[in-house]
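Biologist: I would like to learn how to read a sheet and a ligand shell. Please take me through a case.

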Amino acid sequence: MNIPGEERFIFKLILTGNEKVGKTSLRKRFMGMGFQGTYKKTIGVDLSYLKFKKGNEESDLVIWDIAGDAHFRNNRKLYYKGSNGAFLVIDVTTDGDIDTYVKPWVEDYINERLVGEIKLAIIFNKMDLEDQRKVFKDKMMEIENYVKTQLGMDENDVKTFETSAVTGEGVKDAFEWLIERMAAQFVN
Ligand SMILES: Nc1nc2c(ncn2[C@@H]2O[C@H](COP(=O)(O)OP(=O)(O)OP(=O)(O)O)[C@@H](O)[C@H]2O)c(=O)[nH]1
Ligand SMILES: [Mg+2]
């Protein structure tokens, strides 16, 4: 979108991770839309638009909330181009198996040439479900190290967050860190 007399960069943030891990819920929580307990599967992709400020500069952001269902795997390749930042969301009530929950997405980032283009937030979600939690610090470290190694990224490019879309814990921090890191490359 072009504002008359002004060229504005539109940032693109993608939400990735397997189905039901909480991508849509995190997006809605961040956008002040509360939390819905009932699951409504994302079909393809849902787009949201928002503005953010860095210093005095206002920028545009489009969030691409991508369906996690593996049936859409081929289809979702269409949605990666031009991304500046990504969430990789993992549900802490699953076993967090790397081959199942991490590798397919890391492969997508590599195949769709996002390496070197994106900043990445690894999101451990559903932290409110303490008694069902199966992913703990050692697994989180293993996932973070795997991602960093595969993508050749360091702590400037990747950061881990613990979140809950129910309580809101960590949600604002994660989005704000990623947006700040994305914008730092372009806006003074
Ligand atoms: N307790 C708890 N439930 C959550 C949390 N985040 C999401 N959920 C629930 O988990 C289910 C899946 O959430 P979604 O946000 O739709 O998951 P998604 O990753 O967008 O799923 P797809 O659209 O299929 O890729 C829903 O029933 C949510 O209410 C959370 O932080 N805590
Ligand atoms: Mg969804």
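Biologist: What stands opposite W64 in β3?
Modeller: Strands of a sheet pair through backbone hydrogen bonds, parallel or antiparallel. Here L47 stands opposite W64. Strands are DSSP runs of E, at least two residues, and helices are runs of H or I, at least four, numbered from the N terminus. This is a predicted model: local features need pLDDT of at least 70, side-chain atom pairs count only at pLDDT 80 or more, and totals for chains, interfaces and linings use all residues. Residues are numbered from 1 along each chain as its sequence is written, while chains are lettered from A and ligands numbered from 1 in the order in which they are written.

Biologist: In which sense do β2 and β3 pair?
Modeller: Two strands pair if DSSP finds at least two bridges between them. β2 and β3 (57-66) are antiparallel over ten bridges. They form a hairpin with two residues between them. In the turn, G55 has a positive phi of about 60°.

Biologist: What is the strand order in the open sheet?
Modeller: The six strands run β2-β3-β1-β4-β5-β6, with mixed pairing. β2 (45-54) and β6 (158-162) each have a single partner strand, so one side of each lacks a neighbour in the sheet.

Biologist: How many residues surround ligand 1?
Modeller: A residue is near a molecule if its C-beta atom, placed from the backbone, lies within 6 Å of it. Ligand 1 has 22 such residues; the closest are G22, T24, S25, T42 and G68. Helix α1 gives the most to this shell, three residues.
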